[in-house]
Amino acid sequence: MQEGIHSLLLLLEEDEFLLQAYLCLALMCSLSKYYTQALQLLILAENAYPNEEQILDLRAQINSKLSSFNNESYKGLIDEEGEMTEELITSLEELFIRFDEDKDGLWSIEEFEKFVALATGAPCPPDFRKWVFKTFAVSPKFLSLSSFLHFYKHQTVEDPSESRADLGKFGFQFTPQKKE
């Protein structure tokens, strides 16, 4: 994703007056949970189009999403920039290694399904598996560590309580801090 964004930015430098391209890229980054990169694109767009309403609107939407990460439900999982915490990444890396039975650095469909079954206490729904592998996997049959991390970031941003529950089954505790 990062390489693709970089390539597109090089094209935009040739004609930096492509407002819709900047907005489209920023929106794609935001939808993919790359909030910092989306804001960087909007800064570039704003340099070319100062006070453009579409830029300001998208920036406000992204900033609103980022401010939600200050909510207690995200503590320990997602930081204020919308990125996974080091503690979460380390826990997920440990789980990936634990479930990579053949130690090839990739999860097969079977390895992923075993993880899901143990995390949720139920068999992996076929539609869910298909969605994960279609959306995040490096191939139709294998999930890399980076793909797994991206999937988990997506899940955690959408529902931090689900990530807490899943990870808790493996002994990882990400308890929101209580306000005093």
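1. N51 sits in the loop between α3 and α4 (53-68); helices here are DSSP runs of H or I with at least four residues, strands are runs of E with at least two, and both are numbered from the N terminus. Phi of N51 is near 60°, a positive value in a residue other than glycine. N51 counts as exposed because its relative accessible area is 64% (exposed is over 50%, buried under 20%, partly exposed in between, with a 1.4 Å probe and protein chains only).

2. A word on the basis of these notes: this is a predicted model, in which local features need pLDDT of at least 70, side-chain atom pairs count only at pLDDT 80 or more, and totals for chains, interfaces and linings use all residues. Residues are numbered from 1 along each chain as its sequence is written, and side-chain values use heavy atoms, with hydrogens and water left out.

3. Please have a look at K33 too, in the loop between α2 (19-31) and α3 (35-48). K33 is not a glycine, yet its phi is positive, at about 70°. K33 is buried, since its relative accessible area is 8%.

4. Next comes F148, which belongs to helix α8 (residues 145-158). Is F148 buried or exposed? F148 counts as buried because its relative accessibility is 0%.

5. Which residues does F148 touch, leaving aside those up to four places away in sequence? The partners are L92, F96, W107, F115 and L143, where contact means heavy atoms within 4.5 Å.
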